[in-house]
Amino acid sequence: MNSPGRVIGFINAAHFIDHYSMLIFAAAVIVMGPALGMAYSELLPYATPGFVAFGAGSLLTGWLGDRWSRRHMMLIFFIGIGWAMISVGFVHTPAQLGAALLAIGIFASIYHPVGTAMIVSYADKLGREMGLNGVWGNLGVASSALVTGVIGQYLGWRFAFIVPGVVTVLIGIVFAMTVVHEDRKGTKQAAAQARVAKQDMWRVVLSLLIVVIAISTTFNAVTVALPKLFAERLADLTKSPALLGVIAACVYVFGAMTQYTIGRLLDHYSLKTVALPLSFMLAPFLYLAASLSNLPLIVVSIGIVMGAFGQVTVNDAMVGKYTTEEWRSRAYAVRYFVGFTAAGASVGLVAWLYEQGGFVTMLHAFAALCLLAIAAAIILPREIRTPQPA
């Protein structure tokens with residue numbers, strides 16, 4: 001039997017890598033534009049196919065995780081996404097860039113339906129492990145902005161892709177050597193213990209569908225746009241790409257702390273009790289951010305990432321609590337297909353809104369979208385908790 005702690009450790013590392021790899025381009029594009037002779041709004045859409053594949057690919061990878069092997073799928077993830085990152089460092093044309101970013105998105109689509117299902121299988125306390133796993137993903141987001149800024153400034157943008165790619169391949173080799181077989185039993189099954197009345201199940205599905213579309217779109221838009229937003233609005237504080245990366249990383253740390261806190265709360269309170277107050281955070285903070293700069297913008301950005309990342313933890317726990325082991329990868333596949341497909345569209349939407357009216361128009365639009373998260377939390381029914389098995 002695989003050690004639960006070891007397996008969860010690798011899955012947490014994979015979550016870090018997954019988000020890190022998808023957001024290198026968002027930070028590097030600021031310096032890639034002049035190098036490739038293209039404007040920010042011209043270059044950004046080349047990331048769209050990768051983000052669409054990030055979501056669309058989850059249907060196939062989730063099915064393979066359930067029907068074939070989650071362990072083998074995670075090995076493909078580590079090796080494949082590592083080589084895809086390395087390949088971006090060798091592109092010379094926009095078409096090559098789009099193809100390499102597409103490859104990153106395809107391999108990145110493996111993690112969420114397969115890795116999250118493995119976390120649920122091995123978790124003793126579901127909320128705690130989901131929260132910690134979310135922290136690792138959030139640290140990947142934060143580190144991507146920070147490390148890419150530093151490497152891009154001192155070694156060039158190509159090495160910002162090559163270095164993490166090499167590290168990821170090495171982690172994959174260690175994973176292959178230490179997690180040597182498939183084991184679905186794990187330890188105690190902390191999942192699928194919360195229930196709602198059968199006649200209310202449609203409310204769970206509807207609530208999840210609404211909040212996933214709204215939050216995934218906003219989450220991706222914010223993480224893609226934040227480096228550029230800071231570069232524009234924090235000009236009075238600094239123009240250094242490395243320091244801007246540090247500021248973005250510090251903002252994301254608050255999101256990480258929120259995910260851990262929300263995870264712990266979900267072990268003690270119902271989803272609705274946690275989700276309802278959380279749903280009121282995003283819309284007002286996004287609206288305020290549209291007109292702010294410098295220190296006030298940093299403070300409001302902290303509120304935005306706390307709301308967005310906290311919602312992601314609630315969404316993942318919702319699927320884990322209501323699905324059985326045999327269908328879990330496929331359930332997460334549908335959740336992430338809907339979420340990441342919407343998120344993929346957000347990249348082009350950010351570029352279009354930015355052209356129409358800069359970040360003011362963009363942030364106002366996403367503030368309006370996040371009103372749907374409030375409606376989703378209100379729709380969610382109360383849980384009928386069942387005793388935890390011995």
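1. Cys 370 is buried, with a relative accessible area of 0% (buried is under 20%, exposed is over 50%, partly exposed lies in between; 1.4 Å probe, protein chains only). Cys 250, on the other hand, is partly exposed, at 45% relative accessible area. The structure holds zero disulfides, taking a disulfide as a pair of cysteine sulfur atoms within 2.5 Å.

2. A quick word on provenance: this is a predicted model, where local features need pLDDT of at least 70, side-chain atom pairs count only at pLDDT 80 or more, and totals for chains, interfaces and linings use all residues. Residues are numbered from 1 along each chain as its sequence is written, and side-chain values use heavy atoms, with hydrogens and water left out.

3. On to H1 and H4. Helix H1 (residues 4–36) packs against helix H4 (residues 70–88) at about 30 degrees, and their axes are 11 Å apart. Helices here are DSSP runs of H or I with at least four residues, numbered from the N terminus; axes are lines fitted to C-alpha atoms over the stretch in contact, with angles from 0 to 180 degrees between N-to-C directions. H1 and H4 are therefore roughly parallel (under 35 degrees; over 145 is roughly antiparallel, 65 to 115 roughly perpendicular, and the rest oblique). The crossing of H1 past H4 is left-handed, meaning that the near helix is turned anticlockwise from the far one by less than a right angle.

4. Who touches whom there? From H1, Phe 10, Ile 11, Ala 14, Ile 17, Asp 18, Ser 21 and Ile 24 meet Met 74, Phe 77, Phe 78, Ile 81 and Met 85 of H4; contact means heavy atoms within 4.5 Å. The residues of this H1 contact with H4 come out as 10 nonpolar, one polar and one charged (nonpolar: Ala, Val, Leu, Ile, Met, Phe, Trp, Tyr, Cys and Pro; charged: Asp, Glu, Lys and Arg; polar: the others, Gly among them).

5. Next pair: helix H9 (residues 201–233) and helix H15 (residues 371–379) pack at about 160 degrees, with axes 8 Å apart. That makes H9 roughly antiparallel to H15. H9 also passes H15 in a left-handed crossing. On the H9 side the contact includes Arg 203, Leu 206 and Ser 207, and on the H15 side Leu 372, Ala 373 and Ala 376 are among the partners. By class, the H9 contact with H15 has 11 nonpolar, one polar and one charged residues.

6. Last one: Ser 301 sits in helix H13 (residues 294–322). Ser 301 is buried, at 2% relative accessible area. Leaving out residues up to four places away in sequence, Ser 301 touches Leu 226, Phe 230 and Val 251.

Conventions. Helices (H or I, at least four residues) and strands (E, at least two) are DSSP runs, numbered from the N terminus.
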